[in-house]
Amino acid sequence: MARSERDHPRAVESLSDSESLVLSDLLNHVFDRGVVISGSIVIGIADIDLVHLDLDLVIGSAEATRRALDRAQADLTEQSPADADLPVLPPDRAD
Amino acid sequence: MPTYLYCLLIAPTDAAAEVPRGLTGVGGEDVRRLDVDGLAAWVGTVGSRARSRSVEAARGHDRVLRAALDLGVTPLPARGGQVFAGDAACLAELASKAGALRAALERVAGCVEMTVHVALGPQSVGAEEAGGGSGRSTITGQQAAGEPPASVDRSGRQYLAKVRERLRLERNVQVEAASALLAIHAGVEALVRGESSMLHPGPQPRLTIAHLIARDDPARYREALAAVRIAHASIVHIGGPHPPYSFTELADG
């Protein structure tokens with residue numbers, strides 16, 4: 001079922017600032033993409049914290065993601081294996 | 001004088017690879033063309049000021065790339081801020097990678113890049129805030145009801161519960177992102193020649209997807225996206241057409 005923007009207005013309100021996204025796109029494109037030949041790429045960044053220039057997590061192509069999603073959904077339906085990597089909590093105290 | 005590299009084109013076949021008259025670069029310098037091994041490199045001679053990473057420098061770099069795109073050819077974008085000691089050093093580096101660069105140019109020929117920004121579900125927003133080290137105990141209602149006094153378990157059980165919840169919610173964001181990626185991929189698959197995606201897991205998690213499509217297809221691409229429905233997420237912005245910044249990976253060797 002599709003979720004409309006009304007269902008999570010906070011995130012959409014902030015992210016739908018298209019000017020900010022265009023600027024974010026521009027900075028990510030120019031400074032985080034593009035072919036690197038060699039030469040020197042200056043690291044100094046002025047006022048860059050105004051926008052997101054994230055060190056992002058690559059989640060891969062659709063084909064790779066489909067396999068990862070299948071695994072994740074299997075984990076979510078089988079609670080115990082999914083929790084295997086989560087911290088084990090000690091029992092509540094009866095103070 | 002330092003030479004700043006903007007982009008590359010295939011010299012012999014891109015008759016339009018001539019730099020438009022009056023085109024200026026990141027430092028206000030004239031953009032010019034260097035030829036090496038069948039490649040045309042658009043470069044400028046810059047001073048030290050042009051080397052800094054700034055919004056103005058990004059705009060200047062992108063302006064040159066778009067000028068190339070507007071000529072009807074698809075440039076291979078160089079990473080912003082790449083400066084060589086001079087033309088000779090730039091040409092030497094390009095010559096050493098000419099084969100891989102030509103292959104990369106062939107992969108993007110006739111294409112442009114489109115970007116899709118997707119806002120992911122709101123439950124992850126609260127999660128990141130809770131896990132962000134603010135010290136506020138806002139993880140879950142379940143924990144609030146059953147948690148022991150803070151003075152007892154503040155650095156033990158409560159910490160582990162916080163870590164556990166953060167990991168669960170991070171996983172939820174990844175699953176939502178994967179679902180969104182698959183839904184969008186299915187919607188535009190017929191138009192897409194390349195794809196890459198990034199998950200931004202911050203306080204307002206979002207997914208950015210880049211697609212390589214034919215130059216004539218942006219309108220059809222936007223129409224196709226308008227029909228895509230995603231559970232627990234919304235497309236909030238579609239950008240492009242851009243030069244193919246996200247599709248510049250060079251083959252080994």
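Predicted model: local features only at pLDDT ≥ 70, side-chain atom pairs only at ≥ 80, totals over all residues.
**Entry 1: confidence in chain A**

Two stretches got a note of their own. Residues 1–16 of chain A have a pLDDT below 50, and the model gives this stretch 37 contacts beyond near neighbours in sequence. Over residues 43–59 of chain A the pLDDT stays under 50 as well, with 34 contacts beyond four places in sequence.

**Entry 2: the nonpolar cores**
Next I turned to the largest nonpolar core, which has 27 residues. Touching the most other members are Y6(B), C7(B), L9(B), L23(B), V31(B) and W42(B). I checked which elements supply at least two residues each: they are α2 (18–32) of chain A and, from chain B, β1 (3–10), β3 (39–45) and α1 (55–70). The biggest contribution comes from α1(B), with 7 residues. I also found a second, separate core of 24 residues, with L8(B), I10(B), A41(B) and C111(B) among them.

Leaving out residues up to four places away in sequence, its contacts include W42(B), L65(B), A68(B) and the run P75(B), L76(B), P77(B) and A78(B).

**Entry 3: aromatic rings**
Last, I searched all chains for aromatic pairs, and the count came to 1. Y4(B) and Y6(B) form this tilted pair, at 4.6 Å centre to centre with 45° between the planes.

Technical notes:
Residues numbered from 1 in each chain as written. Chains lettered and ligands numbered in written order. Heavy atoms only, no water. Core = buried A, V, L, I, M, F, W, Y, C linked by side-chain atoms within 4.5 Å. Buried < 20%, exposed > 50% of the residue type's maximum accessible area, 1.4 Å probe, protein only. Helix = DSSP H or I, 4+ residues; strand = E, 2+ residues; numbered from the N terminus. Contact = heavy atoms within 4.5 Å. pLDDT = per-residue confidence, 0-100. Phe/Tyr/Trp six-rings, centres within 6.5 Å; stacked < 30°, edge-to-face > 60°.
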